[in-house]
2 protein chains.
Amino acid sequence: MLDNERLSGQNRLIDDFGAYFESIGFQPIAGRIIGLLSVSDREELSFDEIINRLKISKGSASVVLRRLVAECRVAVVESGRRHYYRLNQQNLFELLDEFERMCDSVRYLLNTTIDLKTDKESSNAKYFNQIINTIDRYKTNMATMRQAVQTI
Amino acid sequence: MLDNERLSGQNRLIDDFGAYFESIGFQPIAGRIIGLLSVSDREELSFDEIINRLKISKGSASVVLRRLVAECRVAVVESGRRHYYRLNQQNLFELLDEFERMCDSVRYLLNTTIDLKTDKESSNAKYFNQIINTIDRYKTNMATMRQAVQTI
DNA sequence: TCTTTAGTTCAATCGCGATTAAACTAAATA
DNA sequence: TATTTAGTTTAATCGCGATTGAACTAAAGA
C-alpha cells in the first residue's frame, strides 16, 4: 500500500469513527480523536500532533481529551511539559456492558408499566412480558458466554 | 392501587419512557407518546387524547406520529374522521437487531483499521483482533439463542 | 529574571433539532 | 351550500451542545 493511500484511508476512517461515536452520543471530535489514536501507526500521540492532524482548536482538544481520560477511554502519559495520549484498551465486553445497561432500562420500564396496568392480561401487558422473558434469557446466555471467553 | 396513584405513576413513567427514548436518539415527544400508548389502560388512543394528555401541540403530534408510523413503532386505525393510534408490537428481538447492527459497525471500523496498519502486530491491532473475535462469538451465540426462543 | 512553550479556561458564536402557533386543507355534518 | 372538525404544513422561535479564539496560567529554558 502506498503511503498516500494509507494516509487518505486513515482520514476517511477517522471520519467514520467520528460518525459512529456521534451516533452513540459522543461529540464528533471525541470520535475523531479515538479514530486517530486507533488508526495511526504510532499509537501514542502528543497534544500538538492531535490538533494539527485533526485541524481542531486547542480549546476543543483540551476539553474533549479531559473527558475521554475521565471516562478511561484514553490514557495520558506526561513527559516533561508534554502530554502524550494513547487508546486505553478497555474490557473486551465494554460494548456488551453498555448494551446490558440498556436492556436493564427497558426491563425496568416494561416491568413498571405492567405493574401499573389494571388488566395484566391486556395485549400490551402480554407483549411486555414476552420481551422481559427474552431479555432474561439473553442475560443468562451472555453471562455464560463471558465466562467462556474469559477462560480461553 | 388508587386511581390517582395509578395516574401519577403513569405520568412519571411516561417521562421515563421519554428520557430513555431520547437517550437512544428519538425526540423526547416520540418517547412520551410511546410511553403513553404503553402505560395507558385503553391501549388505543385518538389524536386528541394524545395531545391533551401529553400537553403537546397538534403540530408536534402530527409530525412525530407520522414518523413513528413510518418506522412501524405505532399503528394507526382510521375511523371516520378520527385517527386512533396503538403501539405496534414488533419483533421481540428489535432491541437485539439494533445492537447487532452496532456490532457490525464496530467490526467494520476495527477491521478496516487493522488493514491500514503497517504493523499488524501492534498493540492496538492485537487488541482490535480480540474484539473482533469476541463480536464473532457473540453473533454465533445470539443466532442460536434466537432459534431457541422462536421454537418455544 | 525574562521568555517561550504547553495546555487550560471561558465567553461568544454557530448550527441544528425540537417545538409551537397559526394558517391552511379536506372531509364530514348540518 | 355553509360550517365545523381533524389533522397537516410551515415559518418562526427556543434551547442547547459543539466548537472556537483569545486571554490566561504554570512550568521549563535561556
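Which side chains meet in a salt bridge at 3.7 Å, N to O? They are those of A:Glu100 and A:Arg146. A salt bridge here is a side-chain nitrogen of Lys or Arg within 4 Å of a carboxyl oxygen of Asp or Glu. A:Glu100 lies in helix α5 (residues 94–116) and A:Arg146 in helix α6 (residues 123–150) of chain A, so the pair ties together parts that are 46 residues apart in sequence. Both A:Glu100 and A:Arg146 are buried. Buried means under 20% relative accessible area, exposed over 50%, and partly exposed in between (1.4 Å probe, protein chains only).

This is a predicted model: local features need pLDDT of at least 70, side-chain atom pairs count only at pLDDT 80 or more, and totals for chains, interfaces and linings use all residues. Residues are numbered from 1 along each chain as its sequence is written, chains are lettered from A and ligands numbered from 1 in the order in which they are written, and side-chain values use heavy atoms, with hydrogens and water left out.

**Chain A overall**

Chain A holds 6 helices and 3 strands. Helices (H or I, at least four residues) and strands (E, at least two) are DSSP runs, numbered from the N terminus. Their order from the N terminus is α-α-β-α-α-β-β-α-α. The radius of gyration of chain A is 21 Å, well over the 15 Å that the globule rule gives for 152 residues, so the chain is more spread out than a compact globule. That radius is taken over C-alpha atoms, and the rule is 2.2 Å times the number of residues to the power 0.38. Along the principal axes, the C-alpha atoms of chain A fill a box of roughly 65 × 40 × 35 Å.

Of the 152 residues of chain A, 42% count as buried. Take the contacts in chain A with a separation of 6 or more: residues 24 or more positions apart account for 50% of them. Contact means heavy atoms within 4.5 Å. Chain A exposes about 8200 Å², and carbon and sulfur atoms supply 50% of that area. The areas come from the Shrake-Rupley method with a 1.4 Å probe.

**Salt bridges**

The whole structure has 24 salt bridges over all chains.

| Pair | N to O distance |
|---|---|
| A:Glu43 and B:Lys117 | 2.6 Å |
| A:Glu100 and A:Arg146 | 3.7 Å |
| B:Asp97 and B:Arg146 | 2.8 Å |

Take the bridge between A:Glu43 and B:Lys117. A:Glu43 lies in the loop between α2 (28–39) and β1 (45–46) of chain A, and B:Lys117 in the loop between α5 (94–116) and α6 (123–150) of chain B, so the pair joins two chains. A:Glu43 is buried at 16% relative accessible area. B:Lys117 is buried too, at 2%.

Chain B has the bridge between B:Asp97 and B:Arg146. This pair links distant parts of the chain: B:Asp97 sits in helix α5 and B:Arg146 in helix α6, 49 residues apart. B:Asp97 is partly exposed, with a relative accessible area of 21%. B:Arg146 counts as buried at 17%. Leaving aside neighbours within four places in sequence, B:Arg146 is in contact with B:Phe93, B:Leu96, B:Asp97 and B:Glu100.

Chain A also has a network of salt bridges, which links A:Arg67, A:Glu71, A:Arg73 and A:Glu94.
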